[in-house]
Amino acid sequence: MAKAAEGDADACYEYGHRLLTGRKVREDRPQALKWLQAAANKGNIRAAAALGACYTHGLGTPPDVKKARYWYGIAAEARHPHAQLALAAHYMHVEPTSPEKAVTYIRYAAMQGSADAAFLMSLCFAEGYGVRAHPEIAAGWLFNAAELGHEQAQLIIEELHEAEKSNKTSPEV
């Protein structure tokens, strides 16, 4: 708390996050917002992403779509994968006129090793959402997601392998 009171950005974030989650302190979301704001204003990217979540979900403040997009945008541009996916979700559901922007942020997160983002990229290419449909590229992203540990991608690949095996063993008519 002492470093946070002195204005250390990382300490402000840590204290704000504790207040937000009630970890080792009494939960106080409005106070958490103040500490996170202080940290984000000093360039702490995790605080910016946390502010995006607070404004999205109304944690310590009424929900505010514009502020959520702003703070997620700050964190996303600084390569925070969670913020990139959150911003993509914003462009998919809140401002659905921008599927290309959504795919851009999903791709950014996927390129940083996000299994969820890689899986979403496979869906985008499979369905032609924000990109031209391309089954081979969709399959590549699906395998990438599976390699990164995405359980649903692993299950799909396992099912495809099982279907392929059963097709090879069934007699031709």
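Helix H2 passes helix H3 in a left-handed crossing, a term used when the near helix is turned anticlockwise from the far one by less than a right angle (clockwise would be right-handed). The structure is a predicted model, so local features need pLDDT of at least 70 and side-chain atom pairs count only at pLDDT 80 or more, while totals for chains, interfaces and linings use all residues. Residues are numbered from 1 along each chain as its sequence is written, and side-chain values use heavy atoms, with hydrogens and water left out. Helices here are DSSP runs (H or I, at least four residues) numbered from the N terminus.

H2 covers residues 9-21 and H3 residues 29-41; the two pack at an angle of about 160°, with their axes 8 Å apart. That makes H2 roughly antiparallel to H3, the label for angles over 145 degrees. The axes are lines fitted to C-alpha atoms over the stretch in contact, and the angles run from 0 to 180 degrees between N-to-C directions. On the H2 side the meeting residues are Ala-9, Cys-12, Tyr-13, Tyr-15, Gly-16, His-17, Leu-19 and Leu-20, and on the H3 side Arg-29, Gln-31, Ala-32, Trp-35, Leu-36, Ala-38 and Ala-39, where contact means heavy atoms within 4.5 Å.

Next come H8 and H9. The axes of helix H8 (residues 115-127) and H9 come within 8 Å and cross at roughly 165°. H8 is therefore roughly antiparallel to H9, and the crossing is left-handed. Among the residues making the contact are Phe-119, Met-121 and Phe-125 of H8, along with Ile-137, Trp-141 and Leu-142 of H9. Glu-136 is also found in H9, which spans residues 135-147. At 56% relative accessibility, Glu-136 counts as exposed; the cut-offs are over 50% for exposed, under 20% for buried and in between for partly exposed (1.4 Å probe, protein chains only). Glu-136 and Ser-122 sit 14 residues apart in sequence, with 9.4 Å from C-alpha to C-alpha.

Leaving out residues up to four places away in sequence, Ile-106 touches Leu-85, Ala-88, Met-92, Ala-117, Leu-120, Met-121 and Cys-124.

His-80 lies in the loop between helix H5 (65-77) and helix H6 (81-94). Setting aside neighbours within four places in sequence, His-80 is in contact with Ile-45, Arg-46, Ala-49 and Ala-75.

Finally, the aromatics. Rings of Phe, Tyr and Trp (its six-membered ring) pair if their centres lie within 6.5 Å, with planes under 30 degrees apart counted as stacked, over 60 as edge-to-face and the rest as tilted. By this rule there are 4 aromatic pairs. Tyr-70 and Trp-71 form an edge-to-face pair, 4.9 Å centre to centre with 80° between the planes. Tyr-70 is partly exposed at 48%, whereas Trp-71 is buried at 8%. Tyr-105 and Tyr-108 also pair edge-to-face, at 5.5 Å and 90°. These two tyrosines are 3 residues apart in helix H7 (residues 99-111), so about one helical turn separates Tyr-105 from Tyr-108. Tyr-105 is buried at 13%, while Tyr-108 is partly exposed at 41%. Together with Tyr-91, Tyr-105 and Tyr-108 form one aromatic cluster.

Conventions:
Parallel < 35°, antiparallel > 145°, perpendicular 65-115°, else oblique.
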